[in-house]
Amino acid sequence: MEKSRELSFVLGDSLAEIVQMAVMNMQHPLAFTFGILGNIISFMVYLAPVPTFIRILRKKTTEDFQSLPYLVALFSSMLWLYYAMLKNDAILLVTINSFGCVIETIYIAIYIAYATRESRVSTIKLLVSMNMGLFSLILLLTHFLASGSTRVKALGWLCVAFSVCVFAAPLNIVKQIIRTKSVEFMPFTLSFFLTLSAVIWFAYGLLIKDLCVALPNILGFVLGLLQMLLYGIYRNAEKKKMPAENLKSIVIRSTLGASEVYPVDAQPDVSTAEHDQTEESKENEKSTDASHDDLQSNECAV
């Protein structure tokens, strides 16, 4: 009976803290508005890989997709969730990163279920070492070696450093686009919403006076603009042929409070594929006609 009362007191205190944080956010209506918008857009970004996993469930294989982007996204969400829970006015960061932890865990579970034995083993090893081991080490170090505002600042700058490292992933897209002169594997709509997400979370970070949230999204905004600029340059450019498997693991980046990367399923443009088939058939017809002419000339010579 006493334990149940203690538990109710604890739950009551936690609920009171959540309500208090919500009230503090309501005292800054503009920051609250940007935070809600950021949650909505980030929610949609987190759901971006759903078609990929529907394909995995239907085919019962992970094909050439890699698990690293989802493990990194989960680790990032865990870091930002821990940081948000240490702060007193970051309830909107708590909500979106809680959802991120749940959805990324589901993605990883599906991947492990349908991956090959080698991929499954490597995924589990990385999950244990990074998402469990490294995160536990960070939690212990920040808990015992720092306290109060120092702990929050240390963890915040650690999140910033990790976000900057994750934001380097889009450079793979830039290299691939320039080499292939093709943007068919970089959805413009997704790049636009990711850039918009960076702007919103940057504004939210400034309004709540949290540089750890604002700073990473500056880089995210710049990389988003670069992707859209490349889309404008190479949208109608002559494309170079590249094997589809080389393009299946192209990585895009998200610019929410917690950074993440996702592989994009390679779905070649139908018109491009038909154009390639037409050109190939023309070449085959030319070679057939040339062989026929050679045969006729040989017969004449005989």
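Me: Which residues of α7 are buried?
Reply: Arg-151, Val-152, Leu-155, Gly-156, Cys-159, Val-160, Phe-162, Ser-163 and Val-166 are buried in α7. Buried stands for under 20% relative accessible area, exposed for over 50%, and partly exposed for what lies in between (1.4 Å probe, protein chains only). The model is predicted, so local features need pLDDT of at least 70 and side-chain atom pairs pLDDT 80 or more, while totals for chains, interfaces and linings use all residues. Residues are numbered from 1 along each chain as its sequence is written, and side-chain values use heavy atoms, without hydrogens and water.

Me: Why is Thr-116 called partly exposed?
Reply: Its relative accessible area is 48%, and partly exposed covers the range between the buried and exposed limits. Thr-116 sits in the loop between α5 (91-114) and α6 (117-145).

Me: What makes the pair Tyr-70 and Tyr-107 edge-to-face?
Reply: Rings of Phe, Tyr and Trp (its six-membered ring) pair if their centres lie within 6.5 Å; planes under 30 degrees apart are stacked, over 60 edge-to-face, the rest tilted. The search of the whole structure finds ten aromatic pairs. In one of them, Tyr-70 and Tyr-107 are 5.9 Å apart centre to centre with 65° between the planes, hence edge-to-face. Tyr-70 belongs to helix α4 (residues 68-86) and Tyr-107 to helix α5, 37 residues apart. Both are buried.

Me: What makes Trp-80 and Tyr-83 an edge-to-face pair?
Reply: The centres are 5.7 Å apart and the planes stand at 90°, which meets both limits for the edge-to-face class. Both residues lie in helix α4, three residues apart, about one turn of the helix.

Me: Why is Trp-80 called buried?
Reply: Its relative accessible area is 1%, so Trp-80 falls under the limit for buried. Tyr-83, at 2%, counts as buried too.

Definitions and conventions:
Helices (H or I, at least four residues) and strands (E, at least two) are DSSP runs, numbered from the N terminus.
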